[in-house]
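Welcome! Here is a short briefing to read with the sequence and the 3D view side by side. Take your time and find each residue as it comes up.

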Amino acid sequence: MYHTPVSSSNVKSTGYENGVLEVLFKNGLMYRWNVPESTYREFMTAPSKGSFVHSRLKGRFGERQV
């Protein structure tokens, strides 16, 4: 999956393909969530990517560590 670098203190890059949001953190951990495209767009425009992950994604959407 192609990743786009993002401006964030915790998130290094993100990718979205076929309903899967992939987030690579600066600590090297990567997670995937099955999300609708609207959630991906919200994530990309969120002022804090890390806060969005913790408040809107973590524990939801079939989270799995890669």
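Predicted model: local features only at pLDDT ≥ 70, side-chain atom pairs only at ≥ 80, totals over all residues.

**The nonpolar core**

- Start in the middle of the picture by asking which residues of the largest nonpolar core touch the most other members.
- They are Leu21, Val23, Phe25, Trp33, Phe43, Val53 and Leu57, out of 14 residues in that core.
- Strands E3 and E4 and helices H1 and H2 each supply at least two residues of this core.
- Val53, one of the buried residues of H2, touches Phe25, Trp33, Phe43 and Lys58, not counting residues up to four places away in sequence.

**Helix H2 and Leu57**

- Helix H2 runs over residues 49–57, and its buried residues are Lys49, Gly50, Phe52, Val53 and Leu57.
- If you look down the axis of H2, these buried residues fall within an arc of 160°, so they line one face of the helix.
- What covers them? The cover includes strand E2 (11–17), strand E3 (20–25), strand E4 (30–34) and helix H1 (37–45).
- Leaving aside neighbours within four places in sequence, Leu57 is in contact with Leu21, Trp33, Val35, Thr39, Phe43, Phe52 and Glu63.
- Leu57 and Leu21 are 36 residues apart along the chain, and their C-alpha atoms are separated by 9.9 Å.

**Helix H1 and Thr39**

- Which residues of H1 are buried? They are Thr39, Tyr40 and Phe43.
- Seen down the axis of H1, its buried residues fall within an arc of 100°, so they line one face of this helix too.
- That set of buried residues packs against E2, E3 and H2.
- Thr39, which lies in H1, has a relative accessible area of 5%; a residue counts as buried under 20%, so Thr39 is buried.
- Not counting residues up to four places away in sequence, Thr39 touches Phe52, Leu57 and Phe61.

**The aromatic cluster**

- A search of the whole structure finds four aromatic pairs.
- One of them joins Phe25 and Tyr31 in an edge-to-face arrangement, with 6.0 Å from centre to centre and 85° between the planes.
- Tyr31 also pairs with Trp33, and this pair is stacked: the centres are 5.9 Å apart and the angle between the planes is 25°.
- Together, Phe25, Tyr31 and Trp33 form one aromatic cluster.
- Are these three residues buried or exposed? Phe25 counts as buried at 11% relative accessibility, Tyr31 counts as buried at 15%, and Trp33 is buried with a relative accessible area of 1%.

**Glu22, a buried residue in a strand**

- Glu22 has its place in strand E3 and is buried, with a relative accessible area of 4%.
- Which side chain makes a polar contact with the side chain of Glu22? It is that of Arg32, at 2.4 Å.
- The surroundings of Glu22, leaving aside neighbours within four places in sequence, are Met1, His3, Ser13, Thr14, Gly15, Met30, Tyr31 and Arg32, with which Glu22 is in contact.

- Most residues other than glycine have a negative phi.
- Asn18 has a positive phi of about 50° although it is not a glycine.
- Where is Asn18? Look in the loop between E2 and E3.
- Asn18 is exposed, with a relative accessible area of 74%.
- A positive phi, near 80°, is also found at Gly59, which follows H2.

Technical notes. Residues numbered from 1 in each chain as written. Heavy atoms only, no water. Buried < 20%, exposed > 50% of the residue type's maximum accessible area, 1.4 Å probe, protein only. Helix = DSSP H or I, 4+ residues; strand = E, 2+ residues; numbered from the N terminus. Arc of directions from axis to C-beta. Contact = heavy atoms within 4.5 Å. Polar contact = N/O pair within 3.5 Å; in protein donor to acceptor, adjacent residues only side chain to side chain. Phe/Tyr/Trp six-rings, centres within 6.5 Å; stacked < 30°, edge-to-face > 60°. Core = buried A, V, L, I, M, F, W, Y, C linked by side-chain atoms within 4.5 Å.
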